[in-house]
Amino acid sequence: MKLIMEVSNLIIPLFILYILLFGMTKKVKVYDAFIKGAKDGLLIVYNLAPTLIGLLVGTGVLRESGALNGLANLLTPFGEFFKVPKEIIPLMVVKLFSGSAATGLLLDIYHTFGPDSYIGTLASILMSCTETVLYCMSVYFMSVNVSKTRWTLAGGLLSTLAGLIMSVVLATVMQ
Amino acid sequence: MLEGIGLVKKVFTMLNYLWAGMIIIGVVFGIFTGKTSEVSESFLSSSKEAISLCITMAGVVAMWSGIMEIAKESGLTNALSRKMKPLIGFLFPNIPKDDIANEYIATNMMANILGLGWAATPSGLLAMKELNRLNGGKETASNEMCIFLVINISSLQLIPINIIAYRMQYGSANPAEIIAPAIVATLASTFVAVIFCLIMRKRGMAK
């Protein structure tokens, strides 16, 4: 447990150190490059802000009205079947379609349970190891007019399931 | 290409209904359960919450993009993409060795691993275009397309920087704590995806 934390805490500093030293050996003006990249990063967040406002309002209204809780209660049997908290099921399903909508639900879980709770940890790992299966498939396949996608969906769902199982195992270990 | 745009539009239309549905259900449900003041309050507090989240995000994402720009300008991302060659050869043995498709696939996968989503999509679309050419423009996906997408969908991003930023904003005692487990889970889901692809490829060839 403590080891996981130590390793996690080392990854970002070592990663940054490596990139910085690599850049310096290649004689890159590292600070200039950093400033340029940081500007691009700010633009990304600027473009993300409207989406976040929209989706946080959507999930916020759903939560405060009690509807989100009602929906989660409806899904309790599924949750029990897969041995996951009921709030994780809508998160998982929405993530297949839309990354930003899933972010809305993730933040709602943080808001309600806290990011360090079991469910918060589980949701964090789950969101880190899964992708928007249906969204990716439609964008990529449609860009080349392929309509018969064969076993792509099965593979995508299988790896998502593997991610879900691993997230439950790891979050349980971390508690 | 037009159809592709049409489908992207469809996905966004779906999000339109999803979003409208969330608000309509929320308001109607709130009226029936007598929680109108909470609902009213949440319209205002949620939008405020979104902006304070963006302020945390802005710092983290800008810092990360800055570091990644150094990696890009020093040629590190390209060098890493080249290192993917053997792996690409293993996953896609039927693509000719010096075909440009290999390069796009490598760029796309490396961008995904490093979490550069905005750099991953263009190279991913180019990779699909080349795979389509190799497939003779058929309507049915080739093995290579399926493998490329399943692995893409299995999530490759190693450091989930935005999740860390979200955790930070919501008061996590150690936002970075989930990095190691996230890497393990990502590797596991990708491993399952690769095994699945290898099995399906073999079955496809046996036919």
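Reply: Asn135(B) sits in the loop that links α6 (117-134) and α7 (143-153) of chain B, where helices (H or I, at least four residues) and strands (E, at least two) are DSSP runs numbered from the N terminus. The model is a predicted one, in which local features need pLDDT of at least 70 and side-chain atom pairs count only at pLDDT 80 or more, while totals for chains, interfaces and linings use all residues. Residues are numbered from 1 along each chain as its sequence is written, chains are lettered from A and ligands numbered from 1 in the order in which they are written, and side-chain values use heavy atoms, with hydrogens and water left out.

With a relative accessibility of 10%, Asn135(B) counts as buried, a class that means under 20% relative accessible area, as against over 50% for exposed and the range in between for partly exposed (1.4 Å probe, protein chains only). When residues up to four places away in sequence are not counted, Asn135(B) touches Thr140(B), Ala141(B), Ser142(B) and Met145(B), a contact being heavy atoms within 4.5 Å.

In helix α6 of chain B, Arg133(B) and Glu130(B) are three residues apart, about one turn of the helix, and their side chains meet in a salt bridge at 2.8 Å, N to O; the term stands for a side-chain nitrogen of Lys or Arg within 4 Å of a carboxyl oxygen of Asp or Glu. Elsewhere, salt bridges that share partners join Lys36(A), Glu69(B) and Lys72(B) into one network. Within it, the side chains of Lys72(B) and Glu69(B) meet at 3.9 Å, N to O, and these residues are separated by about one helical turn because they stand three residues apart in helix α2 (residues 36-73) of chain B. An α-helix has 3.6 residues a turn, so residues three or four places apart point the same way. Glu69(B) is itself buried, with a relative accessible area of 6%.

Further along chain B, helix α8 (residues 161-169) has Ile161(B), Ile163(B), Ile164(B), Ala165(B), Tyr166(B) and Arg167(B) as buried residues, and α8(B) is followed by Gly171(B), whose phi is positive, near 80 degrees. Arg167(B) also reaches the partner chain, where its side chain forms a salt bridge with that of Asp116(A) (3.1 Å, N to O). Three salt bridges are found by the rule across the interface of chain A and chain B, out of ten in the structure over all chains. The contact draws 94 residues from chain A and 105 residues from chain B. The size of an interface is often given as the accessible area lost when the parts come together. Here chain A and chain B bury about 8,400 Å² between them, 77% of it on carbon and sulfur atoms, the buried area being the accessible area (1.4 Å probe) that two parts lose on being put together, summed over both.

On the chain A side, Ile109(A) belongs to helix α6 (residues 99-113) of that chain and is buried at 4% relative accessibility. Leaving aside neighbours within four places in sequence, its contacts are Glu87(A), Ile88(A), Leu91(A), Gly114(A), Ile119(A), Gly120(A) and Ala123(A); of these, Ala123(A) is 14 residues away in sequence and 7.9 Å away in space, C-alpha to C-alpha. Another salt bridge in chain A pairs the side chains of Arg63(A) and Glu64(A) at 3.3 Å, N to O, with Arg63(A) buried at 17% relative accessibility and Glu64(A) partly exposed at 26%.

As a whole, chain A holds nine helices and zero strands, and its C-alpha trace spans about 60 × 50 × 35 Å along its principal axes. Of its 175 residues, 54% count as buried, and among contacts between residues at least 6 apart in sequence, 63% join residues at least 24 apart.
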